[in-house]
Amino acid sequence: MPGPRRRGRRSCALIALAAPSASAWTGCWPARGRVEPRVASDARMVLAMRPSAPAALGSSGADVAEGEKVGVLLLNLGGPDTLDQVEPFLYNLFSDPEIITLPGAVRWLNGPLAWIIAKTRAPMSREGYKQVLDGGSPQLRTTLAQGAAIEAALSTRGVSAKSYIGMRYWHPYTDEALAAIKADGVQRLVVLPLYPQFSISTSGSSLRLLEHEYYQDQQLRLLKNVVIPAWYNRQGYVHSMARLIASRIDMLPEGERAGAHVFFSAHGLPQKYVQELGDPYQQQIEATVSFVMARLRVLGYSNPDTLAYQSKVGPVPWLQPYTDEKIKELAGGGVSSLVVVPISFVSEHIETLEEIDIEYRELAEEAGITHWERVPALGVEEDFIEDLASAVVEALPRMEQRPLQEIDEGRPVSLRVVNDLVSLRSKEEIGAEYGPVRVRNYRRGGFTPKA
(Lines give C-alpha, C1' and ligand atoms only; values in the text may rest on other atoms or scores of the structure.)
Protein backbone atom coordinates (compact mmCIF):
# COMPACT_ATOMS: atom_id res chain seq x y z
CA MET A 1 0.00 0.00 0.00
CA PRO A 2 1.37 3.47 -0.85
CA GLY A 3 2.39 5.70 2.04
CA PRO A 4 0.04 8.20 3.63
CA ARG A 5 -0.82 11.29 1.64
CA ARG A 6 -1.09 14.78 2.94
CA ARG A 7 -4.76 15.11 3.80
CA GLY A 8 -6.73 17.99 2.47
CA ARG A 9 -4.90 18.17 -0.85
CA ARG A 10 -7.36 18.97 -3.58
CA SER A 11 -5.88 18.90 -7.03
CA CYS A 12 -8.50 20.96 -8.79
CA ALA A 13 -11.62 22.23 -6.98
CA LEU A 14 -14.63 22.86 -9.20
CA ILE A 15 -15.99 25.74 -7.22
CA ALA A 16 -13.44 27.41 -4.89
CA LEU A 17 -14.82 30.81 -3.88
CA ALA A 18 -17.30 31.58 -6.65
CA ALA A 19 -18.83 35.01 -6.88
CA PRO A 20 -22.34 35.47 -5.51
CA SER A 21 -23.27 37.37 -8.64
CA ALA A 22 -23.42 34.26 -10.84
CA SER A 23 -26.96 33.84 -12.15
CA ALA A 24 -28.75 31.52 -14.51
CA TRP A 25 -29.48 32.47 -18.10
CA THR A 26 -32.92 33.80 -17.20
CA GLY A 27 -32.54 37.49 -17.92
CA CYS A 28 -31.68 38.49 -14.32
CA TRP A 29 -28.29 40.14 -14.79
CA PRO A 30 -27.21 41.89 -11.57
CA ALA A 31 -25.90 45.42 -11.85
CA ARG A 32 -22.14 45.78 -11.52
CA GLY A 33 -21.08 46.09 -7.92
CA ARG A 34 -24.48 45.17 -6.52
CA VAL A 35 -25.83 41.71 -5.80
CA GLU A 36 -29.36 40.98 -4.68
CA PRO A 37 -29.67 37.61 -2.90
CA ARG A 38 -32.21 35.34 -4.51
CA VAL A 39 -34.03 33.02 -2.15
CA ALA A 40 -35.09 29.65 -3.47
CA SER A 41 -38.74 28.95 -2.80
CA ASP A 42 -40.06 25.45 -2.18
CA ALA A 43 -43.00 26.41 -4.37
CA ARG A 44 -40.66 26.89 -7.34
CA MET A 45 -38.68 23.74 -6.70
CA VAL A 46 -39.88 20.63 -8.46
CA LEU A 47 -38.89 18.11 -5.80
CA ALA A 48 -40.68 15.24 -7.45
CA MET A 49 -39.29 12.73 -9.89
CA ARG A 50 -40.30 13.19 -13.51
CA PRO A 51 -41.07 10.07 -15.54
CA SER A 52 -39.26 9.43 -18.79
CA ALA A 53 -41.19 9.32 -22.04
CA PRO A 54 -40.44 6.21 -24.15
CA ALA A 55 -38.83 7.00 -27.46
CA ALA A 56 -41.87 5.70 -29.33
CA LEU A 57 -44.49 7.58 -27.27
CA GLY A 58 -45.05 11.31 -27.55
CA SER A 59 -41.41 12.07 -28.23
CA SER A 60 -41.48 12.67 -31.94
CA GLY A 61 -39.90 15.45 -33.88
CA ALA A 62 -43.29 16.76 -35.03
CA ASP A 63 -42.55 20.19 -33.58
CA VAL A 64 -39.43 20.54 -35.74
CA ALA A 65 -39.98 21.60 -39.33
CA GLU A 66 -38.50 19.40 -42.01
CA GLY A 67 -34.93 20.43 -42.69
CA GLU A 68 -34.78 22.70 -39.63
CA LYS A 69 -31.37 22.53 -37.99
CA VAL A 70 -31.39 21.70 -34.28
CA GLY A 71 -28.37 22.06 -32.03
CA VAL A 72 -27.78 20.75 -28.51
CA LEU A 73 -25.15 22.71 -26.59
CA LEU A 74 -23.60 20.67 -23.77
CA LEU A 75 -21.98 22.79 -21.06
CA ASN A 76 -19.33 21.51 -18.68
CA LEU A 77 -16.32 22.61 -16.67
CA GLY A 78 -13.53 21.33 -18.91
CA GLY A 79 -10.07 20.09 -18.02
CA PRO A 80 -6.51 19.98 -19.35
CA ASP A 81 -5.71 17.42 -22.05
CA THR A 82 -1.99 17.27 -21.30
CA LEU A 83 0.26 17.98 -18.32
CA ASP A 84 1.55 21.13 -20.03
CA GLN A 85 -1.97 22.52 -20.01
CA VAL A 86 -2.53 22.13 -16.26
CA GLU A 87 -1.10 25.52 -15.32
CA PRO A 88 -2.96 27.58 -17.96
CA PHE A 89 -6.15 25.67 -17.09
CA LEU A 90 -5.73 26.65 -13.44
CA TYR A 91 -5.09 30.24 -14.48
CA ASN A 92 -8.35 30.28 -16.45
CA LEU A 93 -10.17 28.83 -13.46
CA PHE A 94 -8.91 31.29 -10.88
CA SER A 95 -8.86 34.38 -13.09
CA ASP A 96 -12.62 34.05 -13.53
CA PRO A 97 -14.23 36.75 -11.35
CA GLU A 98 -17.01 34.24 -10.65
CA ILE A 99 -14.41 32.12 -8.83
CA ILE A 100 -12.45 34.79 -6.98
CA THR A 101 -14.21 38.12 -6.58
CA LEU A 102 -12.21 41.16 -5.55
CA PRO A 103 -13.53 44.62 -4.62
CA GLY A 104 -13.71 47.07 -7.49
CA ALA A 105 -10.69 49.08 -6.39
CA VAL A 106 -8.40 46.04 -6.56
CA ARG A 107 -10.15 44.09 -9.28
CA TRP A 108 -7.10 44.56 -11.47
CA LEU A 109 -5.33 42.08 -9.16
CA ASN A 110 -7.50 39.21 -10.46
CA GLY A 111 -4.98 38.30 -13.13
CA PRO A 112 -1.81 38.50 -11.00
CA LEU A 113 -3.51 36.61 -8.16
CA ALA A 114 -4.66 33.90 -10.54
CA TRP A 115 -1.11 33.61 -11.90
CA ILE A 116 0.26 33.12 -8.37
CA ILE A 117 -2.36 30.50 -7.49
CA ALA A 118 -1.82 28.63 -10.76
CA LYS A 119 1.95 28.60 -10.25
CA THR A 120 1.54 27.37 -6.68
CA ARG A 121 -1.06 24.67 -7.35
CA ALA A 122 0.22 23.42 -10.71
CA PRO A 123 2.88 20.99 -9.37
CA MET A 124 0.37 19.17 -7.12
CA SER A 125 -2.27 19.16 -9.83
CA ARG A 126 0.17 17.75 -12.39
CA GLU A 127 1.00 14.95 -9.98
CA GLY A 128 -2.66 14.06 -9.70
CA TYR A 129 -3.28 14.17 -13.45
CA LYS A 130 -0.13 12.17 -14.17
CA GLN A 131 -0.99 9.48 -11.64
CA VAL A 132 -4.61 8.76 -12.48
CA LEU A 133 -5.56 10.49 -15.71
CA ASP A 134 -2.78 9.41 -18.04
CA GLY A 135 -1.64 12.99 -18.39
CA GLY A 136 -5.00 14.71 -18.91
CA SER A 137 -8.65 14.89 -18.04
CA PRO A 138 -11.02 12.36 -19.67
CA GLN A 139 -13.91 14.79 -19.40
CA LEU A 140 -13.80 15.98 -23.01
CA ARG A 141 -13.65 12.43 -24.37
CA THR A 142 -16.63 11.47 -22.24
CA THR A 143 -18.58 14.59 -23.19
CA LEU A 144 -17.96 13.93 -26.89
CA ALA A 145 -19.26 10.39 -26.44
CA GLN A 146 -22.30 11.69 -24.54
CA GLY A 147 -23.02 14.15 -27.33
CA ALA A 148 -22.83 11.45 -29.99
CA ALA A 149 -25.10 9.18 -27.93
CA ILE A 150 -27.66 11.98 -27.47
CA GLU A 151 -27.63 12.62 -31.23
CA ALA A 152 -28.36 8.93 -31.86
CA ALA A 153 -31.15 8.86 -29.25
CA LEU A 154 -32.71 11.99 -30.76
CA SER A 155 -32.61 10.40 -34.19
CA THR A 156 -34.84 7.56 -32.96
CA ARG A 157 -37.29 10.24 -31.83
CA GLY A 158 -37.42 11.83 -35.26
CA VAL A 159 -35.16 14.76 -34.42
CA SER A 160 -32.02 15.32 -36.46
CA ALA A 161 -29.68 17.28 -34.22
CA LYS A 162 -26.01 18.05 -33.80
CA SER A 163 -24.30 18.35 -30.43
CA TYR A 164 -21.82 21.05 -29.52
CA ILE A 165 -19.57 21.33 -26.45
CA GLY A 166 -18.87 24.52 -24.55
CA MET A 167 -16.38 24.13 -21.69
CA ARG A 168 -16.05 26.81 -19.05
CA TYR A 169 -12.28 26.79 -18.46
CA TRP A 170 -10.65 24.89 -21.33
CA HIS A 171 -11.09 24.05 -24.99
CA PRO A 172 -13.52 23.93 -26.60
CA TYR A 173 -14.61 27.18 -24.96
CA THR A 174 -18.14 28.55 -25.08
CA ASP A 175 -17.28 31.08 -27.79
CA GLU A 176 -15.80 28.29 -29.93
CA ALA A 177 -19.03 26.31 -29.63
CA LEU A 178 -21.12 29.35 -30.54
CA ALA A 179 -18.93 30.02 -33.58
CA ALA A 180 -19.56 26.46 -34.77
CA ILE A 181 -23.29 26.84 -34.14
CA LYS A 182 -23.36 29.97 -36.29
CA ALA A 183 -21.27 28.39 -39.03
CA ASP A 184 -23.62 25.39 -39.19
CA GLY A 185 -26.69 27.60 -39.48
CA VAL A 186 -28.46 26.10 -36.46
CA GLN A 187 -32.05 27.37 -36.18
CA ARG A 188 -33.04 25.94 -32.80
CA LEU A 189 -30.71 25.53 -29.85
CA VAL A 190 -31.29 23.51 -26.68
CA VAL A 191 -28.76 24.37 -23.96
CA LEU A 192 -28.08 21.40 -21.67
CA PRO A 193 -25.62 21.88 -18.78
CA LEU A 194 -24.14 18.52 -17.78
CA TYR A 195 -24.67 19.27 -14.10
CA PRO A 196 -27.67 17.29 -12.76
CA GLN A 197 -28.26 19.77 -9.95
CA PHE A 198 -28.31 23.54 -10.48
CA SER A 199 -25.88 25.78 -8.63
CA ILE A 200 -25.03 29.39 -9.25
CA SER A 201 -21.35 28.36 -9.14
CA THR A 202 -21.51 25.67 -11.84
CA SER A 203 -24.51 25.77 -14.20
CA GLY A 204 -25.14 29.39 -13.24
CA SER A 205 -21.58 30.44 -14.03
CA SER A 206 -21.60 28.67 -17.39
CA LEU A 207 -25.01 30.09 -18.31
CA ARG A 208 -24.01 33.60 -17.29
CA LEU A 209 -20.99 33.44 -19.58
CA LEU A 210 -23.14 31.97 -22.35
CA GLU A 211 -25.65 34.79 -21.98
CA HIS A 212 -22.86 37.35 -22.19
CA GLU A 213 -21.49 35.80 -25.38
CA TYR A 214 -24.90 35.07 -26.85
CA TYR A 215 -26.46 38.51 -26.54
CA GLN A 216 -23.40 40.33 -27.81
CA ASP A 217 -23.94 38.65 -31.18
CA GLN A 218 -26.94 39.87 -33.13
CA GLN A 219 -27.05 36.73 -35.28
CA LEU A 220 -27.18 34.47 -32.24
CA ARG A 221 -29.71 36.70 -30.54
CA LEU A 222 -32.21 35.83 -33.26
CA LEU A 223 -31.65 32.10 -32.75
CA LYS A 224 -34.52 30.31 -30.98
CA ASN A 225 -33.21 28.82 -27.76
CA VAL A 226 -34.23 27.13 -24.54
CA VAL A 227 -32.28 26.06 -21.45
CA ILE A 228 -32.68 22.89 -19.37
CA PRO A 229 -31.22 24.24 -16.11
CA ALA A 230 -31.37 21.01 -14.04
CA TRP A 231 -32.45 17.40 -14.43
CA TYR A 232 -31.74 15.80 -11.06
CA ASN A 233 -35.36 14.67 -10.82
CA ARG A 234 -35.62 12.85 -14.15
CA GLN A 235 -36.43 9.18 -14.00
CA GLY A 236 -33.72 8.02 -16.39
CA TYR A 237 -31.00 9.72 -14.35
CA VAL A 238 -32.34 8.36 -11.05
CA HIS A 239 -32.88 4.82 -12.34
CA SER A 240 -29.43 4.71 -13.91
CA MET A 241 -27.81 5.79 -10.66
CA ALA A 242 -29.78 3.20 -8.67
CA ARG A 243 -28.89 0.41 -11.09
CA LEU A 244 -25.18 1.20 -10.92
CA ILE A 245 -25.28 1.29 -7.12
CA ALA A 246 -27.09 -2.06 -7.00
CA SER A 247 -24.48 -3.60 -9.28
CA ARG A 248 -21.69 -2.44 -6.95
CA ILE A 249 -23.48 -3.76 -3.86
CA ASP A 250 -23.73 -7.13 -5.62
CA MET A 251 -19.95 -7.13 -6.15
CA LEU A 252 -19.31 -7.22 -2.40
CA PRO A 253 -18.85 -10.53 -0.56
CA GLU A 254 -22.27 -12.02 0.15
CA GLY A 255 -22.00 -11.47 3.89
CA GLU A 256 -21.27 -7.74 3.41
CA ARG A 257 -24.05 -6.84 0.98
CA ALA A 258 -27.01 -6.29 3.29
CA GLY A 259 -25.08 -4.09 5.70
CA ALA A 260 -23.04 -2.17 3.14
CA HIS A 261 -23.34 1.59 3.60
CA VAL A 262 -24.26 3.58 0.49
CA PHE A 263 -22.10 6.69 0.75
CA PHE A 264 -23.11 9.59 -1.51
CA SER A 265 -20.30 12.11 -2.05
CA ALA A 266 -21.37 15.35 -3.72
CA HIS A 267 -19.11 18.21 -4.70
CA GLY A 268 -19.11 20.79 -1.94
CA LEU A 269 -20.23 24.40 -1.96
CA PRO A 270 -19.66 27.30 0.46
CA GLN A 271 -22.55 27.51 2.92
CA LYS A 272 -23.15 31.17 2.08
CA TYR A 273 -24.56 30.18 -1.30
CA VAL A 274 -27.40 28.28 0.30
CA GLN A 275 -27.90 30.44 3.40
CA GLU A 276 -27.50 33.89 1.85
CA LEU A 277 -28.10 33.49 -1.87
CA GLY A 278 -30.81 30.83 -1.93
CA ASP A 279 -28.76 28.42 -4.06
CA PRO A 280 -30.96 25.32 -4.66
CA TYR A 281 -27.99 22.95 -4.97
CA GLN A 282 -28.16 21.37 -1.52
CA GLN A 283 -31.91 20.89 -1.69
CA GLN A 284 -31.64 19.28 -5.12
CA ILE A 285 -28.76 17.03 -3.99
CA GLU A 286 -30.78 15.83 -1.00
CA ALA A 287 -33.80 15.23 -3.24
CA THR A 288 -31.61 13.23 -5.65
CA VAL A 289 -30.42 10.98 -2.83
CA SER A 290 -34.02 10.43 -1.72
CA PHE A 291 -35.10 9.51 -5.25
CA VAL A 292 -32.20 7.10 -5.74
CA MET A 293 -32.68 5.39 -2.39
CA ALA A 294 -36.42 5.04 -3.06
CA ARG A 295 -35.59 3.34 -6.36
CA LEU A 296 -33.13 1.03 -4.60
CA ARG A 297 -35.91 -0.01 -2.20
CA VAL A 298 -38.05 -0.91 -5.21
CA LEU A 299 -35.17 -3.03 -6.51
CA GLY A 300 -35.03 -4.87 -3.19
CA TYR A 301 -32.11 -3.13 -1.46
CA SER A 302 -32.57 -1.73 2.05
CA ASN A 303 -29.02 -0.53 2.73
CA PRO A 304 -28.37 2.46 5.00
CA ASP A 305 -27.10 5.61 3.32
CA THR A 306 -25.21 8.83 4.06
CA LEU A 307 -24.72 12.07 2.12
CA ALA A 308 -21.52 14.10 2.51
CA TYR A 309 -19.70 16.84 0.58
CA GLN A 310 -16.16 16.75 -0.77
CA SER A 311 -13.49 19.05 -2.19
CA LYS A 312 -13.61 21.83 0.39
CA VAL A 313 -10.96 24.50 -0.10
CA GLY A 314 -10.23 27.69 1.81
CA PRO A 315 -11.15 28.81 5.31
CA VAL A 316 -14.88 29.53 4.87
CA PRO A 317 -17.40 26.84 5.96
CA TRP A 318 -18.78 24.63 3.22
CA LEU A 319 -21.78 22.32 3.12
CA GLN A 320 -21.47 19.59 5.74
CA PRO A 321 -20.83 16.87 6.70
CA TYR A 322 -17.47 16.70 4.95
CA THR A 323 -16.66 13.47 3.14
CA ASP A 324 -13.36 12.77 4.88
CA GLU A 325 -14.79 13.38 8.36
CA LYS A 326 -17.88 11.27 7.69
CA ILE A 327 -15.83 8.33 6.43
CA LYS A 328 -13.86 8.27 9.69
CA GLU A 329 -17.07 8.62 11.71
CA LEU A 330 -18.75 5.69 9.95
CA ALA A 331 -15.67 3.51 10.33
CA GLY A 332 -15.51 4.37 14.02
CA GLY A 333 -19.16 3.35 14.35
CA GLY A 334 -18.52 -0.13 13.04
CA VAL A 335 -19.20 0.22 9.31
CA SER A 336 -16.91 -2.10 7.37
CA SER A 337 -18.21 -1.81 3.77
CA LEU A 338 -18.76 1.35 1.74
CA VAL A 339 -20.35 1.73 -1.69
CA VAL A 340 -19.25 5.23 -2.68
CA VAL A 341 -21.42 7.21 -5.10
CA PRO A 342 -20.15 10.42 -6.79
CA ILE A 343 -23.68 11.79 -6.97
CA SER A 344 -23.06 15.13 -8.68
CA PHE A 345 -20.66 13.86 -11.38
CA VAL A 346 -21.63 12.44 -14.79
CA SER A 347 -18.08 12.02 -16.12
CA GLU A 348 -14.85 10.87 -14.54
CA HIS A 349 -12.25 13.49 -13.72
CA ILE A 350 -9.74 14.32 -11.03
CA GLU A 351 -12.34 14.65 -8.25
CA THR A 352 -13.45 11.06 -8.78
CA LEU A 353 -10.30 9.31 -9.98
CA GLU A 354 -7.84 10.97 -7.64
CA GLU A 355 -9.73 12.48 -4.73
CA ILE A 356 -12.25 9.65 -4.20
CA ASP A 357 -10.41 6.63 -5.60
CA ILE A 358 -7.06 7.37 -3.99
CA GLU A 359 -7.28 9.93 -1.18
CA TYR A 360 -10.59 8.92 0.35
CA ARG A 361 -10.02 5.22 -0.19
CA GLU A 362 -6.68 5.38 1.64
CA LEU A 363 -8.36 7.32 4.42
CA ALA A 364 -11.13 4.72 4.65
CA GLU A 365 -8.69 1.81 4.81
CA GLU A 366 -6.65 3.52 7.52
CA ALA A 367 -9.89 4.13 9.48
CA GLY A 368 -10.87 0.44 9.32
CA ILE A 369 -13.07 0.11 6.21
CA THR A 370 -12.35 -3.36 4.78
CA HIS A 371 -14.54 -3.35 1.65
CA TRP A 372 -14.76 -0.45 -0.77
CA GLU A 373 -16.71 -0.22 -4.02
CA ARG A 374 -16.93 2.99 -6.02
CA VAL A 375 -19.86 3.53 -8.37
CA PRO A 376 -18.64 4.85 -11.75
CA ALA A 377 -19.85 8.13 -13.22
CA LEU A 378 -22.80 7.72 -15.56
CA GLY A 379 -20.92 8.36 -18.79
CA VAL A 380 -23.08 6.97 -21.59
CA GLU A 381 -25.42 4.74 -19.57
CA GLU A 382 -28.30 3.95 -21.91
CA ASP A 383 -31.25 4.99 -19.70
CA PHE A 384 -29.43 8.17 -18.74
CA ILE A 385 -28.73 9.16 -22.34
CA GLU A 386 -32.24 8.22 -23.48
CA ASP A 387 -33.72 10.42 -20.79
CA LEU A 388 -31.53 13.39 -21.69
CA ALA A 389 -32.74 12.99 -25.27
CA SER A 390 -36.33 12.99 -24.01
CA ALA A 391 -35.62 16.17 -22.07
CA VAL A 392 -34.34 17.82 -25.26
CA VAL A 393 -37.45 16.82 -27.20
CA GLU A 394 -39.71 18.05 -24.42
CA ALA A 395 -37.90 21.39 -24.43
CA LEU A 396 -38.20 22.03 -28.17
CA PRO A 397 -41.83 23.30 -28.18
CA ARG A 398 -40.99 25.85 -25.47
CA MET A 399 -39.09 27.88 -28.03
CA GLU A 400 -42.41 28.77 -29.64
CA GLN A 401 -43.86 30.38 -26.51
CA ARG A 402 -44.06 34.05 -27.32
CA PRO A 403 -43.28 36.68 -24.68
CA LEU A 404 -46.22 38.61 -26.11
CA GLN A 405 -48.54 36.03 -24.57
CA GLU A 406 -47.18 36.81 -21.11
CA ILE A 407 -47.62 40.53 -21.72
CA ASP A 408 -51.18 40.00 -23.03
CA GLU A 409 -52.02 38.08 -19.87
CA GLY A 410 -50.61 40.83 -17.68
CA ARG A 411 -47.96 38.62 -16.09
CA PRO A 412 -44.74 40.17 -14.73
CA VAL A 413 -41.81 39.69 -17.09
CA SER A 414 -38.12 40.59 -17.06
CA LEU A 415 -36.64 43.52 -18.93
CA ARG A 416 -34.96 40.98 -21.24
CA VAL A 417 -38.39 39.74 -22.41
CA VAL A 418 -39.48 43.29 -23.21
CA ASN A 419 -36.24 44.11 -25.01
CA ASP A 420 -36.39 40.94 -27.05
CA LEU A 421 -39.96 41.71 -28.08
CA VAL A 422 -39.21 45.33 -28.93
CA SER A 423 -36.24 44.28 -31.11
CA LEU A 424 -33.94 47.27 -30.84
CA ARG A 425 -32.01 46.20 -33.93
CA SER A 426 -34.91 46.89 -36.27
CA LYS A 427 -35.37 50.35 -34.78
CA GLU A 428 -31.70 51.07 -35.26
CA GLU A 429 -31.94 50.08 -38.91
CA ILE A 430 -34.71 52.61 -39.56
CA GLY A 431 -33.00 55.32 -37.53
CA ALA A 432 -35.55 55.36 -34.72
CA GLU A 433 -34.87 57.52 -31.71
CA TYR A 434 -35.63 57.08 -28.02
CA GLY A 435 -36.38 60.57 -26.78
CA PRO A 436 -33.43 62.83 -27.61
CA VAL A 437 -30.99 59.96 -28.04
CA ARG A 438 -30.39 58.28 -31.37
CA VAL A 439 -29.43 54.60 -31.02
CA ARG A 440 -26.10 54.01 -32.73
CA ASN A 441 -25.10 50.65 -31.30
CA TYR A 442 -27.26 47.90 -29.91
CA ARG A 443 -27.14 47.55 -26.11
CA ARG A 444 -29.02 44.62 -24.74
CA GLY A 445 -29.54 46.04 -21.25
CA GLY A 446 -31.57 49.20 -21.85
CA PHE A 447 -33.00 51.78 -24.17
CA THR A 448 -30.09 54.20 -24.60
CA PRO A 449 -26.38 53.67 -25.18
CA LYS A 450 -25.71 54.78 -21.60
CA ALA A 451 -28.27 52.46 -19.95
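**Entry 1: Glutamate 348 and arginine 374**

I looked up glutamate 348 and arginine 374 and found both buried, where buried means under 20% relative accessible area, exposed over 50% and partly exposed in between, with a 1.4 Å probe and protein chains only. The model is a predicted one, in which local features need pLDDT of at least 70, side-chain atom pairs count only at pLDDT 80 or more, and totals for chains, interfaces and linings use all residues. Residues are numbered from 1 along each chain as its sequence is written, and side-chain values use heavy atoms, with hydrogens and water left out.

I then noted that the side chains of glutamate 348 and arginine 374 form a salt bridge at 3.0 Å, N to O; the term requires a side-chain nitrogen of Lys or Arg within 4 Å of a carboxyl oxygen of Asp or Glu. This pair links distant parts of the chain, 26 residues apart: glutamate 348 is in the loop between β7 (337-342) and α12, and arginine 374 is in strand β8. Helices (H or I, at least four residues) and strands (E, at least two) are DSSP runs, numbered from the N terminus.

**Entry 2: A further partner of arginine 374**

I found that arginine 374 also has a salt bridge with aspartate 357, with the closest N and O atoms 2.8 Å apart. Aspartate 357 lies in helix α12 and arginine 374 in strand β8, so the pair ties together parts 17 residues apart in sequence. Arginine 374 has a relative accessible area of 12%, whereas aspartate 357, at 25%, counts as partly exposed.

**Entry 3: Glutamate 373 and arginine 248**

Which residue does glutamate 373 meet in a salt bridge? I identified arginine 248, with the closest N and O atoms 4.0 Å apart. Glutamate 373 lies in strand β8 (residues 371-374) and arginine 248 in helix α7, so the pair ties together parts 125 residues apart in sequence. I recorded glutamate 373 as buried, at 18% relative accessible area, and arginine 248 as partly exposed, at 21%.

**Entry 4: Helix α2**

I turned to helix α2 (residues 110-132), which contains isoleucine 116. Isoleucine 116 is partly exposed, with a relative accessible area of 46%. The buried residues of α2 include Ala114, Ile117, Ala118 and Ala122. Among the elements that cover the buried residues are α1 (86-95) and α12 (350-367), by contact, meaning heavy atoms within 4.5 Å. Just after α2, I noted that aspartate 134 takes a positive phi of about 55°.
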